[in-house]
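Hello,

Please find the structure we discussed below. My notes follow it.

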2 protein chains.
Amino acid sequence: MVNIAILGYGVVGSGVAEVIDKNESSIENGIKNEIAVKYILDVRNFPGDPFEDRIIHDFSIIENDPEVQVVVETIGGVGVAYDFTRRALLAGKNVVTSNKELVATHGHELIGIARERNLNYLFEASVGGGIPIIRPLTQCLGANVITAVYGILNGTTNYILTRMAREGVSFDVTLKEAQRLGYAEQDPSADIEGKDACRKIAILSDLAFGSHISPELVRTEGITAITEEDILCAKALSRRVKLLGVARKTEGDRIFVYVAPHMIAEGTPIAGVDDVFNAIVIEGNAIDEVMFYGRGAGKLPTASAVVADVMDVAKHFKARKYIEWSEEKPGFVRNAGELKNRFCLRISDAAEGAAEKAAALLGELTPVDCDGLKTGTLAVVTGEIADSVMEAALPELRPLGSSVNALRLFK
Amino acid sequence: MVNIAILGYGVVGSGVAEVIDKNESSIENGIKNEIAVKYILDVRNFPGDPFEDRIIHDFSIIENDPEVQVVVETIGGVGVAYDFTRRALLAGKNVVTSNKELVATHGHELIGIARERNLNYLFEASVGGGIPIIRPLTQCLGANVITAVYGILNGTTNYILTRMAREGVSFDVTLKEAQRLGYAEQDPSADIEGKDACRKIAILSDLAFGSHISPELVRTEGITAITEEDILCAKALSRRVKLLGVARKTEGDRIFVYVAPHMIAEGTPIAGVDDVFNAIVIEGNAIDEVMFYGRGAGKLPTASAVVADVMDVAKHFKARKYIEWSEEKPGFVRNAGELKNRFCLRISDAAEGAAEKAAALLGELTPVDCDGLKTGTLAVVTGEIADSVMEAALPELRPLGSSVNALRLFK
C-alpha cells in the first residue's frame, strides 16, 4: 500500500482522487500495489464530497506522518506550493506535481533537494497535460542528441485561433466565447499573453538541452495583436496561425528559446492541431522528428498524468529517475534578436508611402495575394531578416496605419 | 561500463552500433554509465567496417561471457532469433529487440522467462520504429483504462497510398516506385498484405488489454485491391485512404482486433499522416485520446529506440519493468464478422442490375457523388452493417463488375 497526500483540492487535485478511485484495479495491476489517498490538504471543507473524510488543513500532519510516501502538489503558483514542496522533500517524501510555474522557476533547486535524499520529484503533468512528453523526451529519445523542441503548448490560445480562422470573428469576441465555455479563465492574461506557453517551453528546454532556463529569458509574445486580417493573410499563404513555443539548438550549442504566434504551412501535422488540443514536436539526430498530440489540459487528462507519475514513484522507491538538469549557464540562451525569420507584415489603413517605408526598413517585400482584406490594408512577406530588424522597424511603421502586426512564417 | 552484444549486423543492428558511437556522450550523460559494443554476431564478415574487430560467428561466445549484460537482437523472424533470445535470457542476460514477429508470436513466453530470472526483455523498436509508444502506453498512460489503440503502423503502405492519392497513379506503378526508392522490399507481401501491421497491432493489443493475442486471430486485409477509383471516391467523401491496425474494447471487455484499409475523415490528425510516417492513437478513459507520430521505420530511428531500451536496462538492472501480459484467453478476441461499419462499395464496369442486387444484399445505399469515375462504375456508401454481411455479399457482387472493392469508413 502506497499512501499519498494531495495538496490542493481544485480541478486537478480532485481529478487525481477521482482517477485513483475510478481506475483502482488497472492501477493496482500496473504496479502490483495499491495507492491510497490518506490526506487531502485544502483551506476549504468539502461537505458531501466522497473524499470529505480525508480533508485536512494543516500541512504539518502530512509532513510528520511517516506513512505518507508521496505528496501530490496541485496547488499551483510559487507561493505555498514552493514551501510545501521543499518541506515534503526535506521530510523524505517523493513529490509529484502538475505545477508548471513552480517547475519552470525552481525545478532545478527542487530536483537537487530530491536527488540529495534519493527521492523523486516528477512533473509529467506540468507540460502537455495528459500527453506523455517528459518521459518520452528524457527516456525513449535518450539515445538522440535533441536539436529542437517546439509545439502548441496552450489550449486556450489554440482554441481562440482555431475559432477565429473557422468563423472569421475577432479576437475579443472569440475570447469572450472561450470564457463563457470555460476554455479561458476570467483573467486570461497568462494564456493569451503567452506566459503559460513560456513556462512550458522553459521546462522542455531544461530537459532537452540540460541546463536550467529561467522563464524570464524566454522572449514571449502572445496572440492579443492578431486580427481577422492576419488570419486571412495566413490562409492566402496556405498557412495556419498557431502560438508556438520553440527551443532550437544553434551553432556553439547555444539555444534560441521563444514564444510567438507563427504562420505554419498547411499539410504539416502540427498545422492540423486544432481547438484545445496541444502537440509537441521533438527533433533528434537519429529520430528525425516525432510529434505527440492530445489534450494539453483538463481535469482527467492532467490528473491521469499525475497518477502515472505516482505509479512510477511507487515502482521505483529505490531507483531514482534521472530527470534533471544542471544550473543556469550564462550565455546559453541566445539573444532572440539574432533569430532569423520571414515575416508577414500587415498594416491596416496604410498611409501613403507605407510600402516604400517598409521596404526601406525591411528589404525586399513580396505582396500577399489575399482577397477579403479591407481597402487600404497593406500585406507583404519579408525575406529572411533578423528579429532585431523587425523590432527596430515596428515603432516606425506603427504610425503609418490604424493597426500593424508582423507574424513569423514557420519554416 | 555496460557491455552489449548485437545479434545481426543488418540495417538496424549496424544502426545500433552507429547510434552508440555517434551519441556516446549524451548517452553516458543520460545513464551515468558507458555502453560498449563487445560483440557483433553475424554470419558475414565486414572487412573495413569500423566495428570489424567485434564481429564473431559463434553465439556461444556471447552466451558464455559473463561480461555481456545486454543482448540486442536485430536478426528478425522467429527462427534463430527465437533460439538465441531464449538462450540469452536463460544465460542471465537482458534482451532488447526490434523483432516484431518474434514479440507478437512468442512475446508472452519470452517475457515469462525474463521475469523468472529478474531480467528485462524490452521491445520499444518493434512497434512504430523510432516513435516512443510502448513505454508511453504502459507507463505514462498507466492510470487509464485503455479503450482503443489504432494507427497507421506500416510506412510502406502509407507511402503507396499517399502517392496514389497525390498523383492518381495505380497501385502497381506506385509499388514499383517504392521498391526503386527502397521504401518497399523486393518481396513486398509482408507490407502490402498487412502482415507487418498485423504483428504490430497484436503487440499493442497485448499491452493495452493485458492478454496475449496471437497474430493469427487478427483479421488482416492489405491494400492490394485498392484502385485509383477507390481513392477518388474517398476524396469525394472528404476522406483519405489509410491502412489501419485497430484494437477496440467492446462489451464484456472482449476486443475487436483487425487490420484493414479505411477511409478516414479529412481534418482529423491521423488523416494528415502521409508518406512513410506512422501514427498511433490511444484512447483512454481519462486521457480521451493521444496520438504519437513519427518515422515508423528506418535505420537510425529504429536503432535509437533500441538504444533507448538498452539505456533503460542499464538504469534498472535491479528493478524490472512490468511490461508484460497474461497468456491467451480463449474468446477474448471477438469474431471480426460482428464488427459494424459503413462501407464504400465500388463496382467498376457494373453490370445492369448491380445497384439493385447490392441494395438487396446490403440494405439502403447512398450514391457517392464523385467526378472522374469511369463510365459504368457504381460507387455507393452503405449504412452501418456487420462485416459478415459484406463478406457474404462480396462473392455475389464480384461477378457483376470487372473489379469490386469495399472499404470501411472510419468513424
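**Domains, interface and sheets**

The C-alpha centres of domain 1 and domain 3 of chain A are 48 Å apart. Chain A splits into domain 1 (2-129 + 299-315), domain 2 (134-295) and domain 3 (336-410), with bounds from an automatic or database domain assignment.

This is a predicted model, in which local features need pLDDT of at least 70 and side-chain atom pairs count only at pLDDT 80 or more, while totals for chains, interfaces and linings use all residues. Residues are numbered from 1 along each chain as its sequence is written, and chains are lettered from A and ligands numbered from 1 in the order in which they are written.

Between the chains, 45 residues of chain A contact 45 residues of chain B (C-beta atoms, placed from the backbone, within 7 Å). On the chain A side, α2 (24-31), α6 (134-140), β12 (288-295) and α12 (299-315) each give two or more residues (DSSP runs numbered from the N terminus: helices H or I, at least four residues; strands E, at least two).

Strand β12(A) runs antiparallel to β12 (residues 288-295) of chain B, joined by five bridges; strands pair if DSSP finds at least two bridges between them. A:V290 has B:G294 as its bridge partner there.

Chain B also holds an open, parallel sheet of six strands, ordered β3-β2-β1-β4-β5-β6. Its edge strands are β3 (55-56) and β6 (121-122). Within chain B, β1 (residues 2-7) and β4 (residues 68-73) pair in the parallel sense over five bridges, and B:L7 stands opposite B:E73.

Regards

Methods
Two residues are in contact if their C-beta atoms, placed from the backbone, lie within 7 Å.
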